[in-house]
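Thanks for coming, everyone. Let me put the model up, and then I'll walk you through it.

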Amino acid sequence: MNENQKKCKGFKDQFINLNENELLEHIQMCENCKKEYLEMKKLSKLLQTVKQHYIKKQNVIKTFKTAAIITLTLFTGFIATYINNTNNQNVLSFDDLGFPTDEYGFILVD
Ligand SMILES: [Zn+2]
């Protein structure tokens, strides 16, 4: 066991107290910390990989939701217009039926 390993209080302690360069230097000399550092690096890489997949999945869901909302909005607008037009064509006003009407379309009563 060398001088560095004797002084070492564990990787967590070194990680908190040393700056990046000092930590990398310490890892070269301390076998225990090197092991923990490599484990941490592996975990970090794994998290990065998982994160990318997660973000991709989120983007697909967002795109799908947006497409669904746009489709629904257009469809609702189309249906509303269709119903309006259909109603306007089918409902005959009093004027159409030949009754005398005022400017509002109500029957004129003398
Ligand atoms: Zn150490």
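I'll take the metal site, then a neighbour of that site, then a salt bridge and a surface patch.

Some ground rules. This is a predicted model, where local features need pLDDT of at least 70, side-chain atom pairs count only at pLDDT 80 or more, and totals for chains, interfaces and linings use all residues. Residues are numbered from 1 along each chain as its sequence is written, and side-chain values use heavy atoms, with hydrogens and water left out.

Metal site. Which residues coordinate the zinc ion? They are C8 (SG), H26 (NE2), C30 (SG) and C33 (SG), at 2.0 to 2.4 Å. Donors here are N, O and S atoms within 2.8 Å of the metal (3.2 Å for Na, K and Ca); water is not among the atoms, so sites may look incomplete. The angles among the 4 donor atoms run from 103 to 116°, and the site is tetrahedral. For four donors, that label requires all angles to lie between 85 and 135 degrees. The ideal tetrahedral angle is 109.5 degrees.

In sequence, the donor spacing reads C-x17-H-x3-C-x2-C. C8 and H26 link distant parts of the chain, 18 residues apart. C8 sits in the loop between α1 (3–7) and α2 (11–17), while H26 is in helix α3 (residues 20–29). Helices are DSSP runs (H or I, at least four residues), numbered from the N terminus. Both C8 and H26 are buried. Buried means under 20% relative accessible area, exposed over 50%, and partly exposed in between (1.4 Å probe, protein chains only).

Now Q14, in helix α2. Buried or exposed? Q14 counts as buried, because its relative accessibility is 10%. Leaving aside residues up to four places away in sequence, Q14 touches C8, K9, L23, H26 and C33. Contact means heavy atoms within 4.5 Å.

Next, charges. The structure holds 1 salt bridge, meaning a side-chain nitrogen of Lys or Arg within 4 Å of a carboxyl oxygen of Asp or Glu. E39 pairs with K42, with the closest N and O atoms 3.4 Å apart. Both lie in helix α4, 3 residues apart, about one turn of the helix. E39 is partly exposed, at 48%. K42 counts as exposed, at 55%.

Last, the surface. L92, F94, L97, F99, I107 and V109 form a nonpolar patch with about 590 Å² of accessible area together. Such patches take residues with over 30% relative accessible area and no salt bridge, with nonpolar side chains joined within 5 Å. F99 lies in the segment after α4 (31–90). F99 is partly exposed, at 41% relative accessibility.

Technical notes: Patches are made of residues with over 30% relative accessible area and no salt bridge: like charges are joined within 9 Å, nonpolar side chains (Val, Leu, Ile, Met, Phe, Trp, Tyr) within 5 Å. Accessible areas come from the Shrake-Rupley method with a 1.4 Å probe; for residues, only the protein chains shown count as cover. Helices (H or I, at least four residues) and strands (E, at least two) are DSSP runs, numbered from the N terminus. Four donors count as tetrahedral if all angles lie between 85 and 135 degrees; four count as square planar and six as octahedral if opposite donors are over 155 degrees apart and all others between 65 and 115; anything else is irregular.
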